[in-house]
Amino acid sequence: MVRRPSPLERTVRALLVALALVWSGLPILLVVLSSFKEAKQIFEVPPSLLFVPTLDNYAVLWREKPEFLRALGNSLAIAVGTLAVTLAASTLAGYVYARLRSRFLDISAFGMLAARMLPPIIITVPLFPALNALRLNDTHVLLIMLYAAFYVSLGTWIMRSFIAQVPLELEEAAAVDGAGMGTILVRIVLPLVVPGLIAVGLFVVVFAWNEYVFAMIFTTRNARTAPVVIGEMLGTVEGVQWGVIFAAATVQLVPVLALVVALQRFLVAGLTAGAVKA
Amino acid sequence: MTEAGRRRAGDRRAVRWFHYAMTGPALGLLLAFLVLPAVYVAWLSTTASTYGQPARFVGLDNYAHLAADPIFWRAFWNTFFVVNGIVYVELALGLGLAVLLTGPMPFKAAIVAVILDPSATTESSGIVMWRYMLEPDVGLVTQWMEHAGLPTLEWSTNPIATLLLASVIAVWHHLPFTFLILYSALTTVPQDVLEAAEIDGASRWQAFWRVTLRLIMPAILIAVLFRYIFAIRTFAEVWLLTEGGPARLSEVLAIYLYRETFKYHEFGMASATGFVMLAMSLVIALPYLKQMYREAARGP
């Protein structure tokens, strides 16, 4: 039944939507805009919307904070590495859980889900000394493995539900033609579960690119990531250089924001596909 | 269940060794980096352990120490209030937003895109954004409130204000998650059921409470559960605002654990704290895990 909303109702709805947009978008917009302002304009109230944009903050960031650029590179390498490891591990396991049954598989599929309930911070206690002994602290590989471990169960469950939708006949036909397991997986199944791969990839990349706590704990210099460097810039004792931080936050945010906006429909698909279904 | 799913339920393909091997990378990652460390933590929580000394079994001493430590209880109750605040405020906002955006609306895709934006920000940038508005004296909103003669949020000195702001920022970060789950659940509510209710004389309000809400209750429970599990881990928001200060008054459990580990090197105490967090998470997750166990046993 399509009820014609009254003018009052429409006005209230429009106001509420505007409020939601301000709540979600304004904090981000203010920082991005102000990254193009001179220091003395940054804390002007009301903030000026019409101003001559300057790239000074970006120049200072480039000149005086070489560690930020390096950290961005680290973040990228770690995000890409986590993406590759998680997609590979999730697809392989997701296929088996979608297609085959055994006591072991039933229990381990459930175990993967239960493991997601563990608060990851608790593993820092035994992991830190162990990783020191293995000389894995402050390496890219370590963060990639940790992040993959945090997301592989979500990834597996998403891939399991996507692969379960692929008609078995397609696989059987390929098998009759003599295709082996690997060929079937790569040539038949994978092309049909691209939306699942994108959904998992999006969750993983956003997480790995943005993760703060574990990067802060397990890196010192070599594998320091951008979110941690931004956090450090906030904590400097000699007074915060707001404009420079805004520039750093903007550079860090823009690529991942573009990704989320461009691929948002896959988020819903992923969330409903087994991640959190009832 | 889909056609493919039904077919496969009757399918009893033999599980070969390489099928188990294919689950190896996923299970190996989980075992090495989550499950085994968690088991080790459980054991470590019954020992006195620090750098350079072998762990010594002390039974439940660490838990007794925790129970006697006012700073632990402070962190416990801070976590309790922060977690519950986050979960239910987020549920109310997420549900309201999902209802608001259900149905035709101009520019809807663009509106949803903006609402999802906070989920793409890193925690440290989120703090940058909120501090820019609420920094003492100079923050844009702080200045505006002072100008308007309103009280300002003294988050850097008042622990309750710190936790309040940390909760607001956490809600800001994670509202898109709750919103998306509830929004996609709402789109599955069949219109004819609502029409039938209205024909039977139910007001729209009644139809919402008695029909819509009941139909999306599974999604609500899932959203609440996952937000509980993740909110218990809250660390970065508080850490980046005040590091749990002043005087450890705004600490949450994750920060308490972090300090015990990396500042005091009391690994036994830290592990006991971790085990408390673990137990809280599992108790909350129990009904969900029970249901998922049945689902796993039934197959995809």
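Pro46(A) sits in the loop between helix H2 (39–42) and helix H3 (56–64) of chain A. The peptide bond leading from Val45(A) into Pro46(A) is cis. This is a predicted model: local features need pLDDT of at least 70, side-chain atom pairs count only at pLDDT 80 or more, and totals for chains, interfaces and linings use all residues. Residues are numbered from 1 along each chain as its sequence is written, while chains are lettered from A and ligands numbered from 1 in the order in which they are written. Helices are DSSP runs (H or I, at least four residues), numbered from the N terminus.

**Background**
- Most peptide bonds are trans, and most residues other than glycine have a negative phi.

**Cis peptide bonds**
- Omega is near -5 degrees for the bond from Val45(A) to Pro46(A).
- Gly245(B) and Pro246(B) are also joined by a cis peptide bond, with omega about -5 degrees.
- Pro246(B) belongs to the loop between helix H12 (236–242) and helix H13 (253–262) of chain B.

- Ala247(B) is not a glycine, yet its phi is positive, at about 55 degrees.
- The loop between H12 and H13 of chain B holds Ala247(B).
- Asp137(B), also not a glycine, has a positive phi of about 70 degrees.
- Asp137(B) lies between helix H6 (123–134) and helix H7 (140–147) of chain B, in the loop.

**Exposure**
- A residue is exposed if 12 or fewer other C-beta atoms, placed from the backbone, lie within 10 Å of its own.
- Ala247(B) counts as exposed because it has 10 C-beta neighbours inside 10 Å.
- Asp137(B) has 9 C-beta neighbours inside 10 Å, so Asp137(B) counts as exposed.

Notes
Helices (H or I, at least four residues) and strands (E, at least two) are DSSP runs, numbered from the N terminus. A residue is buried if 20 or more other C-beta atoms lie within 10 Å of its own, exposed if 12 or fewer, and partly exposed in between; C-beta atoms are placed from the backbone.
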